[in-house]
Amino acid sequence: MVCLGNICRSPIAEGVLKKYLPKDVFFIDSAGTSSYHVGCKPDHRSIEVAKRYGIFIENQKCRQFNVNDFKNFDHIFVMDKKNLYQVLSLLDDSKYSKKVQLLSKEEVSDPFYGGINEFVDCFKLIDKACKKLAEKLLSND
Ligand code: 4NP
C-alpha cells in the first residue's frame with residue numbers, strides 16, 4: 001500500500017487489509033514515495049480514526065518505497081494518480097508495471113491538510129476498496 005508520506009492513507013490501508021486477509025498467507029506492508037516521515041509512526045488522526053473502527057496501526061513505522069518492492073511484492077496498490085506516476089517512474093524493469101494499480105477507481109485523496117472528517121472519509125473509502133480487494137484475492141486462491 002503506497003501513498004506520499006506513509007503516515008496518513010497507506011498505514012490505514014495496511015491495517016484495514018490485514019483485517020480482511022489471513023496473515024499466514026498474505027504479507028501486507030505500506031510505504032511512502034517520499035522520505036519526509038521515514039521512521040515515524042502514523043499521523044495521530046489516522047491512528048484515532050482506525051481505532052474507532054477497531055484497527056490498531058500505532059506500531060507501524062514509516063518507510064520509503066524502493067525498487068526492491070517491485071520484486072518483493074506481487075501487488076502494489078497506490079492511493080492516487082500522483083503516487084501511481086511516482087511509483088511507475090522508479091520502474092527498473094517494465095515487466096513489473098502490471099503489479100502497480102490504484103487501490104480504488106475513486107482516488108483516495110490526501111487528507112493531510114484536512115480535519116478529522118477527511119480522515120473518516122478516507123478510512124471509509126479505503127475500507128470499501130480493501131474489502132473488495134480481499135474478496136478478489138481470496139477467490140483467486
Ligand atoms: P499521506 O499524507 O501521503 O496519506 O501519508 C501525507 C502526509 C504528509 C505529507 C503529505 C501527505 N507531507 O507533505 O508531509
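Select Glu-58 to begin: at 31% relative accessibility this residue counts as partly exposed, a class lying between buried, which is under 20% relative accessible area, and exposed, which is over 50%, with a 1.4 Å probe and protein chains only. The model on screen is a predicted one, in which local features need pLDDT of at least 70 and side-chain atom pairs count only at pLDDT 80 or more, while totals for chains, interfaces and linings use all residues. Residues are numbered from 1 along each chain as its sequence is written, and side-chain values use heavy atoms, with hydrogens and water left out.

Because Glu-58 lies in the loop between helix 2 (44-52) and helix 3, and Lys-41 in the loop between strand 2 (31-32) and helix 2, the pair ties together parts that are 17 residues apart in sequence. Helices (H or I, at least four residues) and strands (E, at least two) are DSSP runs, numbered from the N terminus. Lys-41 is partly exposed, at 47% relative accessibility.

For a contrasting setting, select Asp-80 and Arg-9, which are both buried and form a salt bridge whose closest N and O atoms are 2.9 Å apart. This pair links distant parts of the chain, 71 residues apart, with Asp-80 in the loop between strand 3 (76-78) and helix 4 (81-89) and Arg-9 in helix 1 (residues 9-20).

Keep Arg-9 selected and show the ligand, since Arg-9 is one of the residues around the ligand, a group that also includes Cys-3, Cys-8, Tyr-36, Asp-110 and Phe-112; a residue is taken as near if one of its heavy atoms lies within 4 Å.

Which residue places a side-chain N or O atom 2.8 Å from an oxygen atom of the ligand? Selecting His-37 shows that atom, while on the backbone an N or O atom of Gly-5 lies 2.8 Å from a ligand oxygen and one of Ile-7 lies 3.0 Å from a ligand oxygen. The protein covers 92% of the 350 Å² of accessible area that the ligand has on its own, areas being computed by the Shrake-Rupley method with a 1.4 Å probe.

Terms used
Polar contact = N/O pair within 3.5 Å; in protein donor to acceptor, adjacent residues only side chain to side chain. Salt bridge = Lys/Arg side-chain N within 4 Å of Asp/Glu carboxyl O.
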